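Here is a short briefing on one protein model. Please read it with the structure open.

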Amino acid sequence: MGYISSLSSTVETYKPITTSGDVSFSGLGNGTDFSEIIDAIVDSESFQLEEYQDRKDEYEYVIDLMEQLSDKIDDFNTLLDDMDEPDEFYSMTASVSSEEVEVEADGDADAGIHTIEVNQLALNDVWVSMGAGYESKDDVVADEATSLTVSFGGEDITIDVASGTTLDGLVSAINGSVDARDKFEASVMDDGDTRYLMLKSCDVGDDNVIAIADTGSLTGMSAGEFVNTQAGQDSQIKVDGFPPGEDDWIERASNSIDDVVDGLTFELKDATDGDTLQVSVGYDTDGMYDAIVEFQESLNAIIEDIQLLTGRVTAEEDSDEETYTVDSYALDIVYNNIKSIVSSAAQGFKTWSEDGGGDYYTALSQIGFSTDTDEDSDTYGQLILDEDDLEDALDKDAEAVASLFSARAQGESDSEGLQVISVIDGVTGAGEHGVEYTISGGELVSARVDGEEAEVDGWTILASGGTAKGLYLSVTANADGDYEGTCRVKQGKIGELSDSLDAVTNAETGSLTILIEHYEENVTGLDNQIYNEEKRLDALETSLQRKYAALDSLLATYEAQGNTLTSLLESL
């Protein structure tokens, strides 16, 4: 969520009211410059104003950096939102053994082999008037006002035709009909010598067929002379040998079929003439590799921004450019949380073993990631990647790599007699949860999850409090006794990072948002101090100008009197 400032400063810029423009100095013979004296005094008194202005510049610089960081975190979270579930993170690829069918796969597809046989393509229904035909599209087909009636989907659609309408005009009238729109369309079929009116259903399939009901008094056309040159029909396929009957087929009113196998779209190009094609579905490890690298680069940009902002590293800057850093406990927490998330095991994951199973990858370090600890390196403190290790990990178990990044609200039980029915995303905490329950008299009588009393309904347990809230379990054991078990809720690194960074930029409670508001409040306070200080200095300058103007005038009087005395003495 983006940062929105809740502050609005009411501070006005101080407008000087000095009388310097109204005061002039005549000057003395000894060369005294009172303007320089006043400027020197005001400058000596301006140290506090300069300090306020310097601090304001620093705070505004820091605010700008923090807002840039907030925007970058929001952009990163947008990227994470697009890959924080397995079917979004997975990149699947599909290939087929012939050109009669093309196959596309998305994240819902499972890796494996499928077969497909195409008996027929879905086709549009096409009718052509095969009467006398016409030499030109400009030939008149209606000597008088008449109409053409076409039956479509059990509904008669009548198109009015004006007297003098040509073949081309008839096509326009049909295609311009509101009732015919999206049902069928007209065009001119040209065999090189003769032109014919052709009607074609807009959509393919058995349900989109046309019948010519009445041609009125159209010249050269009659309902009986229209020929069904192509019958509308559904496509027919078998997938993985289903349906098994020789004459049984999966039928669709389309040649693009995406509802037979999850995650696969079959684009039918031609019938396979009894041949069965093989479709191979696998993980697009190149696409997954690119997504992981994008994740790394985006995260490193945020890490570097926080490092620069907090002074952990120093950027190369022009020698005359001032830079500032922030000594903030809140930013330290953000930085340390990021470092902890990328270096720790994924929440709710179980280390794999041959006997107990589990997750093949539980930490980013297992697939080639590490933190650069070289303080002289340009990437110090950032996440670095061994590309060969990542490629090996994807080759060994691409699904496990994807799960490490994108698992979200996935519940698993490690105990016989317990099954996870569901969890609530965003409510049920990721990690391991302990379960205790008692069966007495052939009934589930009580249960606790993480030590807190849970709701029991039949043979189900619902955690109603604590971090396990929303964890819904089924008990399959039925012998009387006291039982203990463990369930886990898995969350991949993307979800863990996203949740952590959401809390940083939240518009109301985000730590970075609050820090920005604190600095903005400081800037507002400094604006007030700057206003007051400018007002004080302006008053000081005005007072000095008046005093020195009076002194200048007095000295000028003394000078004049001295000159007069000198003249009188010289005349004696």
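Which residue forms a salt bridge with E496, and how far apart are the closest N and O atoms? The partner is K493, and the closest N and O atoms lie 3.2 Å apart. The model is a predicted one.

**Salt bridges**

- The whole structure holds 19 salt bridges.
- E496 and K493 both belong to helix α8 (residues 493-505). They are three residues apart there, so about one helical turn separates them.
- E496 counts as buried because its relative accessibility is 12%, under the 20% limit. K493 is buried too, at 1% relative accessibility.
- K56 pairs with E60, with the closest N and O atoms 4.0 Å apart. Both sit in helix α2 (residues 47-81), four residues apart, so about one helical turn lies between them.
- E60 has 38% relative accessibility and therefore counts as partly exposed.
- D190 forms a salt bridge with R195, the closest N and O atoms being 3.4 Å apart. D190 is partly exposed, at 41% relative accessibility.
- One network of salt bridges links D359, E412, D414, R488 and K490.

**Nonpolar cores**

- The largest nonpolar core has 82 residues. Within this core, I116, F266, I367 and F405 touch the most other members.
- Beyond four places in sequence, F405 touches F89, I292, F295, L364, I367, F369, G492, K493, I494 and G495. K493, one of these contacts, is also the salt-bridge partner of E496.
- A second, separate core has 24 residues. Its members include V150, L167, A180 and M221.

- Helix α4 spans residues 167-175, and its residues L167, L170, V171 and I174 are buried.
- Why do these four lie on the same side of α4? They cover an arc of only 100 degrees around the axis, which puts them on one side of the helix.

**Strand β8 and its partners**

- Is β8 largely enclosed or open? Six of its seven residues are buried, so the rest of the structure largely encloses this strand.
- Strand β4 (residues 126-129) pairs with β8 in the antiparallel sense, over three bridges. In this pairing, W127 stands opposite L199 of β8.
- β7 also pairs with β8 in the antiparallel sense, over seven bridges. Here A186 stands opposite L199.
- The hairpin of β7 and β8 has four residues between the strands. G192 takes a positive phi near 105 degrees in this hairpin.

**A three-stranded sheet**

- Three strands form an open sheet in the order β2-β14-β13, with antiparallel pairing.
- β2 (101-105) and β13 (256-257) are the edge strands, each pairing on one side only.
- Five antiparallel bridges join β2 to strand β14 (residues 264-268). V101 has L268 of β14 as its bridge partner.

- S406 is in helix α7 (residues 387-406). This serine is buried, with a relative accessible area of 0%.
- The S406 side chain reaches the backbone oxygen of A402 at 2.6 Å.
- Leaving aside neighbours within four places in sequence, S406 contacts M83, D84, E85, P86, F89 and G492. F89 and G492 are also among the contacts of F405.
- Q120 lies in strand β3 (residues 112-120). Its side chain reaches the backbone oxygen of D234 at 2.7 Å.
- Q120 touches Q233, D234, S235, Q236 and A271, not counting residues up to four places away in sequence.

Conventions: Residues numbered from 1 in each chain as written. Predicted model: local features only at pLDDT ≥ 70, side-chain atom pairs only at ≥ 80, totals over all residues. Heavy atoms only, no water. Helix = DSSP H or I, 4+ residues; strand = E, 2+ residues; numbered from the N terminus. Polar contact = N/O pair within 3.5 Å; in protein donor to acceptor, adjacent residues only side chain to side chain. Contact = heavy atoms within 4.5 Å. Core = buried A, V, L, I, M, F, W, Y, C linked by side-chain atoms within 4.5 Å. Buried < 20%, exposed > 50% of the residue type's maximum accessible area, 1.4 Å probe, protein only. Arc of directions from axis to C-beta. Salt bridge = Lys/Arg side-chain N within 4 Å of Asp/Glu carboxyl O. Pairing = 2+ DSSP bridges.
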